[in-house]
Amino acid sequence: MLRRILSIDGGGIKGVVPASFLAALEESLGAPVSEYFDLIVGTSTGGIIALGLGFGLSARQILEFYEVHGPAIFRGDQRLRTLRWLLRAKYDSEPLRAALHGVFANRLLGESSKRLVIPSFNVGTGEVHVWKTAHHPRFERDYKYQAVEVGLSTAAAPTYFPTYLTKSGIPLIDGGVWANNPVAIAAVEAIGVLQWPAADIQILSLGCTTPPLDVNWGRSHSLGCLGWTTKLASVFMAAQSASAVGMVQHLLPDRNQLTRISPVVGKGRFALDRVKDIPELRGIGEFAARAAIPRLRNLFFEHPAAEEFVPFRSVPRN
């Protein structure tokens with residue numbers, strides 16, 4: 001039985017790219033894109049997209065979420081924000097909370113119609129924290145948490161947003177610090193937890209654009225703190241993504257079972273919080289979908305998901 005998995009990277013406002021990509025797919029398919037996937041995995045902005053798909057939003061509605069709420073989430077005088085950034089998080093998380101609440105209200109993770117896996121990180125213990133729907137008998141707690149909490153925690157990017165403290169007191173930050181590209185987590189969940197045969201898996205991995213890795217003098221010279229400070233984040237992200245893709249290619253019998261789409265863009269062209277880029281990011285996603293649809297149709301969209309998701313635990317109804 002063929003199992004299809006959707007994996008979506010983190011990337012702040014650049015989540016417009018995968019949202020636009022999926023919206024263009026939906027227009028061609030004439031059906032919600034979520035209907036075709038058995039498992040959806042997303043980190044940070046990708047986690048918010050995953051939640052939206054799990055709760056029945058169309059990709060077009062998710063794209064509109066970014067277009068409507070993005071300017072409020074990343075608002076303010078950027079010069080003042082940059083000064084504030086030296087001492088504390090660049091943005092307040094309340095606009096993001098309000099935007100998420102407007103979509104999900106008080107609904108719980110257990111109300112998702114799709115299996116979801118959404119990474120975060122516990123800075124109190126130094127351990128990974130992965131939110132999961134109740135798609136395995138072991139998973140007894142996460143389904144009781146509000147979708148808003150899950151979204152806030154996976155998107156709490158260090159220096160951009162404050163650490164998110166759950167109602168139970170767990171300090172969580174953006175899952176992108178260890179799994180910005182969550183495709184390896186997706187494969188391990190499918191094979192190791194759900195026990196799906198590796199030969200029966202097809203994964204679509206979506207990035208939020210890929211700039212060239214540029215470390216300047218670091219390629220051939222010894223650099224100190226000043227030289228590496230502005231480059232380490234991009235190096236870590238590139239290394240994590242490359243290692244995740246490589247691991248999945250070794251886990252699956254055929255490398256063609258993984259399709260990775262992350263449009264290449266120029267160095268420094270886009271930032272995680274630059275909302276003026278939304279129109280161009282939308283165009284990049286739509287163009288990428290236009291080129292990919294003929295290839296993806298046979299791999300992912302010939303028929304809906306293998307079976308309806310029935311969780312092992314249900315949210316109590318009032």
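This is a predicted model: local features need pLDDT of at least 70, side-chain atom pairs count only at pLDDT 80 or more; totals for chains, interfaces and linings use all residues.
Reader: Why is Ser44 called buried?

Author: Buried means under 20% relative accessible area, exposed means over 50%, and partly exposed lies in between (1.4 Å probe, protein chains only). Ser44 has 6% relative accessibility, so it counts as buried. Ser44 sits in the loop between β2 and α2 (45–54). Its phi is positive, about 55°, although Ser44 is not a glycine.

Reader: What makes Ala105 partly exposed?

Author: Ala105 has 33% relative accessibility, so it counts as partly exposed. Ala105 lies in the loop between α5 (94–104) and β3. Ala105 also has a positive phi, about 50°, and is not a glycine.

Reader: Why does Arg141 count as exposed?

Author: Its relative accessibility is 56%, so Arg141 counts as exposed. Arg141 belongs to the loop between β4 (127–132) and α6 (147–154). From Arg141 to Trp131 is 10 residues in sequence and 9.3 Å in space, C-alpha to C-alpha.

Reader: Why is α6 described as largely enclosed?

Author: Eight of the eight residues of α6 are buried, so the rest of the structure largely encloses it. Among them are Ala147, Glu149 and Thr154.

Reader: How do you know that β1 is mostly covered?

Author: Strand β1 (residues 3–8) has six residues, and six of the six are buried. Arg3, Ile5 and Ser7 point one way, while Arg4, Leu6 and Ile8 point the other way. In a regular strand the side chains alternate between the two faces of the sheet.

Reader: What makes β1 and β7 a pair?

Author: Two strands pair if DSSP finds at least two bridges between them. Six bridges join β1 to strand β7 (residues 201–206), and the two run parallel. Ser7 has Ser205 as its bridge partner in β7.

Reader: How many bridges join β1 to β2?

Author: Four bridges join β1 to strand β2 (residues 39–42), again in parallel. Ile8 stands opposite Gly42 in β2. Between β1 and β2 the chain passes through helix α1 (residues 16–29), and this β-α-β crossover is right-handed. That means that, with the strands pointing away from the viewer, the path from the first strand over the helix to the second runs clockwise.

Reader: Which strands pair with β6 in the antiparallel sense?

Author: Strand β3 (residues 115–122) is joined to β6 (residues 171–174) by three bridges. Asn122 stands opposite Leu172 there. Strand β5 (residues 164–165) pairs with β6 over two bridges. Leu165 stands opposite Pro171. β5 and β6 form a hairpin with five residues between them, and Gly169 in the turn has a positive phi of about 90°.

Reader: What makes a nonpolar core?

Author: A nonpolar core is a set of buried Ala, Val, Leu, Ile, Met, Phe, Trp, Tyr and Cys residues joined through side-chain atoms within 4.5 Å. The largest here has 67 residues, and Phe21 and Leu22 have the most contacts inside it. Another core, of 21 residues, lies apart from it and includes Val117 and Ile203.

Reader: Which residues does Leu22 touch?

Author: Contact means heavy atoms within 4.5 Å. Residues up to four places away in sequence are not counted, and the residues touched include Leu6, Ile8, Val33 and Leu206.

Reader: Why is Ser20 called buried?

Author: Its relative accessible area is 2%, so Ser20 is buried. Ser20 is in helix α1. Leaving aside neighbours within four places in sequence, Ser20 is in contact with Leu63, Arg282, Gly285 and Glu286.

Note on methods: Residues are numbered from 1 along each chain as its sequence is written. Side-chain values use heavy atoms; hydrogens and water are left out.
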